[in-house]
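Hi,

Here is the structure I promised to pass on to you. Have a look at it first, and my notes follow below.

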Amino acid sequence: MVRTMERNIVVLMATYNGEKYIKEQLDSIFLQKLLPGDKLTLFVRDDGSKDATLDIINVYSKNNDIIILEDAEKKIGPARSFWRLLKAAQDYDYYFFSDQDDIWDEDKVQNALTEASYYNGPFLYTSNNRKIDENGCCTKKRSATKMPVYDLQSVLVSSFAQGCSMMCNEEARKIALLQDEKYIPMHDLALLVSTIICGSVVYDLEPRFSHRIHMNNADAINKRNNNIVRLQKSIKKWVDRSTQTPLDQYVADILQNYGTYISERKSYEILSYIANYKHSITDKIRLLKWIVFENKYNSRNCKFNFVCRIVLNLL
């Protein structure tokens, strides 16, 4: 039976120069269909917007429960903005993550909470979406066509979940925050990894929101470039990531914090190879062997990129 107790819900939103679309997103959040007694709060961290983003949020705060995280440090990027929000927002039952330019279905929150009611312990919900363009017109009805498999080592190659689709409970939040902020590549990957290890992850194949793709969106820019430009951008991204948040250091932190909870021997071995590949040619070869011959869940393109990064020491 679905439980219908009172719930404190917080939506975490990282913003930066989002004035063009943020009203539609705020409307969709505050028009969510909730059960009697449920309370929804929006927790915002702005990363130094130069436009009217904060002015718009302040207008909405007159009639809605909005908290703006005061943080003097700016230009830290979305991953750390969301991580700061997750740290700062305490004593809520459920934590939703929101982009500034999407549009939520009116029952997005309720569907996630219904799923959560069937599980005990750390829980993470993530869902499918539809794609819309700059004008809000649907360009793709379903982003995913089949259920993903949440395999620990495979999500480190390519995460199967978008942060803007995620909701976690308080237990998953506490488990996730054991990770060191300076090592996490992205907030959504960090939350996904810790919950796979210690709890339950559920994917909803039904689209529950409209994900906007526009010219300021990295997905859109990559789509419109030719293969050479895309390769150049990929290599630059690999170099930046390996410098700023090396995957081997992140995985070493995962093994330190959650190693005793990883029950599957193969998963532990693959993570050990990733953590040591720069220092052990044997582990590098084992890691290459796994990604080429044994990995079942990542696409060819993802595996090819991962192989290149291993060879170049750019994980």
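Strand β1 (residues 8-15) and strand β2 run parallel and are joined by 8 bridges. To get from β1 to β2 the chain passes through helix α1 (residues 22-30), in a right-handed β-α-β crossover. Please keep in mind that this is a predicted model.

On its other pairing, β2 runs parallel to strand β3 (residues 66-68), with 3 bridges between them. Here Phe-43 has Ile-67 in β3 as its bridge partner. The chain crosses from β2 to β3 through helix α2 (residues 53-60), and this β-α-β crossover is right-handed. Strand β2 itself (residues 39-46) is mostly covered, with 7 of its 8 residues buried.

Now to the charged side chains: there are 20 salt bridges in the structure. One of them pairs Glu-24 with Arg-212, with 3.0 Å between the closest N and O atoms. Because Glu-24 sits in helix α1 and Arg-212 in strand β9 (residues 200-212), this pair ties together parts that are 188 residues apart in sequence. Glu-24 is partly exposed at 38% relative accessibility, whereas Arg-212 is buried at 0%.

Another salt bridge joins Asp-105 and Arg-130 (2.9 Å, N to O). Asp-105 belongs to the loop between β5 and α4, and Arg-130 to strand β6 (residues 123-132), 25 residues apart. With a relative accessible area of 19%, Asp-105 is buried.

Finally, a network of salt bridges links Arg-45, Asp-47, Asp-71, Glu-73, Arg-84, Lys-87 and Glu-181.

Best wishes

Methods: Residues are numbered from 1 along each chain as its sequence is written. This is a predicted model: local features need pLDDT of at least 70, side-chain atom pairs count only at pLDDT 80 or more; totals for chains, interfaces and linings use all residues. Side-chain values use heavy atoms; hydrogens and water are left out. Buried means under 20% relative accessible area, exposed over 50%, partly exposed in between (1.4 Å probe, protein chains only). Helices (H or I, at least four residues) and strands (E, at least two) are DSSP runs, numbered from the N terminus. Two strands pair if DSSP finds at least two bridges between them. A crossover is right-handed if, with the strands pointing away from the viewer, the path from the first strand over the helix to the second runs clockwise. A salt bridge is a side-chain nitrogen of Lys or Arg within 4 Å of a carboxyl oxygen of Asp or Glu.
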